[in-house]
Amino acid sequence: MANGNFFQNLFSQMFGGNDPEAIKRRQLKNIAKDYSKTKNHFYRYNGNMAMPAMANFFYEVYSTIGAAQAMLTTATPNIIKTMVLNNAISDEAKALLEELTEENLKKKSATMPIKDLTKYVKDTLNSFMAEFDGAKIKATDELYNNMLMFDSFCKFDFYFMLKKFDKSMKERKFDSKPHFEQVSGTYISEDLKNFMAVAWVLPLDFAAWEQVFNLLKKRSTGGIDVVVPTAWKKMMSKLRSIRGGRVLEMIVQLITEDPLYKETFRPESHQIMAEYLQQIRHTVEEIMSKIKEAQTTGKIDSLVLQVFGDEPVGHLKSYNEEWSEPFEKKGFDGFLYCNPLRYLRNFLSNFTKKDLMELSDIILVRGEWADQHNAEPMSNSYHNLLDIATKINEFDERVSETGELGLKLKTYLPRADRDKDARGIIKNLLGDANDVAASFILDASKNFVTYDRNLKTVVEDFAKAPRSELILNWKDLDKFAEGKLRQMAVDAYKRIFNFVGLMQNFQVSVNEKNSTHF
């Protein structure tokens, strides 16, 4: 073994066996020998020349896809995607999709209750989605991916490359064959690399291209074949042979004198159908959300007008949009219930403490109840409402910049961008404040419902006088209201009913922790 290593090293030193340049030369010589076995006349190693036969091959490819190249000149991936998706959607599905447009759904919302519209949209959307089973989704994705590969193949600059072999050649003029001459391989090595990048990813079976060419035929003027099938099959046969024999790879290795040159070309895979269907569903959901929001806004505006008339509804001093804005700009929720809480505070201050107080004083204080226990639910709910009015004012003071909560918020706000703990504290404080505001709204609504339910019973009892069962002195009580007691009660009932309806249009909830430390 020792002698063997000695002689091996000796021969290596004598004949340059370990010389990198010599190794490369031997490798290139072997590649040239392998290339010659392909019986291909694209390239001549001695002299490093690209031959007219190579140009003839590329000219054949160019003439086969020339019309498609012209058609796809301005095509983008989005344009191709639209072509493929439109091709995948049947006329029936397109009609269903038209039913789900924003314009159409807005028209239907004007005459259809939102509950019925929601069901209609759900049923129509399900019918649309039912058309796209797994097989159709897979076929559509494959068509899109093949279209992208074909587009890239067509946009390879055949003319730029071929003009190197014949300077007089005209772009996409196939009525007469150019006269190609040999050129230095150095001029076309990058062209060969670029060609392989778009050609070696193509599926080489014709079945993969039938749908592509059918789609292009639909899009062409006059519905003619953009690619002649027989010419494409012939071209694909040659591509298959050239790719299988690694002809172009060996030519690039020889031209660049890089025996290690090797690239792997992998086709990209896109799944457009699932993304498209998800986008359709998302779009329809957004449209319905807008319609519901618009209807809610319309209801709110109508109820505000019925409850408050033309009276301005003032904002709270601190729990308002202005104080909420700095927190929202830093990504916090801010104060969530500014509007419902200001409506509640206004209603408590301008109605409960005035009109409702006068009515309650007559019925609950001056009324002779047959059973005083029957007056308790109405009385308790009224006093609870007065208590909530006081608590809202106290809460609003705590939220102010000088109040207990507001001062903390003001202190931590400047640190929110750089201090994670400060953000956590602000989030918790805002959450607690919103929970308290929500509890006021929900508690007040419950008490108004209780009061209004009992008020309705009282009005019905008034109609029975003098054989009333709840209150025995209706005649006397009516004098305190100057004969308008029943109308006062009916007006109050309607106004409370509308106000509760107004509150129900706001999404108000309290977290389970239900903060009570305010």
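Analyst: What follows describes the cavity and then the cores. This is a predicted model, in which local features need pLDDT of at least 70 and side-chain atom pairs count only at pLDDT 80 or more, while totals for chains, interfaces and linings use all residues. Residues are numbered from 1 along each chain as its sequence is written, and side-chain values use heavy atoms, with hydrogens and water left out.

The structure holds one cavity of 30 Å³ or more, a cavity being a set of points on a 1 Å grid over the protein atoms alone where a 1.4 Å probe fits but cannot get out. The volume of the largest cavity is about 30 Å³, counted as the space filled by probe spheres set on the points. Its lining, meaning residues with an atom within 4 Å of a point, consists of Ile363, Val458, Val459, Phe462, Trp474, Leu485, Arg486 and Ala489. Two or more of these residues come from each of α20 (420–462) and α22 (485–504), helices being DSSP runs of H or I with at least four residues, numbered from the N terminus.

As for the cores, a nonpolar core is a set of buried Ala, Val, Leu, Ile, Met, Phe, Trp, Tyr and Cys residues joined through side-chain atoms within 4.5 Å, where buried means under 20% relative accessible area with a 1.4 Å probe, protein chains only. The largest has 90 residues, and Phe150, Phe153 and Phe195 have the most contacts inside it. Apart from that core lies another, of 72 residues, which includes Leu316, Ile363, Trp474 and Ile496; Ile363 and Trp474 are also among the residues lining the cavity.

Conventions:
On a 1 Å grid over the protein atoms alone, a cavity is a set of points where a 1.4 Å probe fits but cannot get out, and a pocket is an open set with protein on both sides within 12 Å along at least five of seven lines; lining residues have an atom within 4 Å of a point. Buried means under 20% relative accessible area, exposed over 50%, partly exposed in between (1.4 Å probe, protein chains only).
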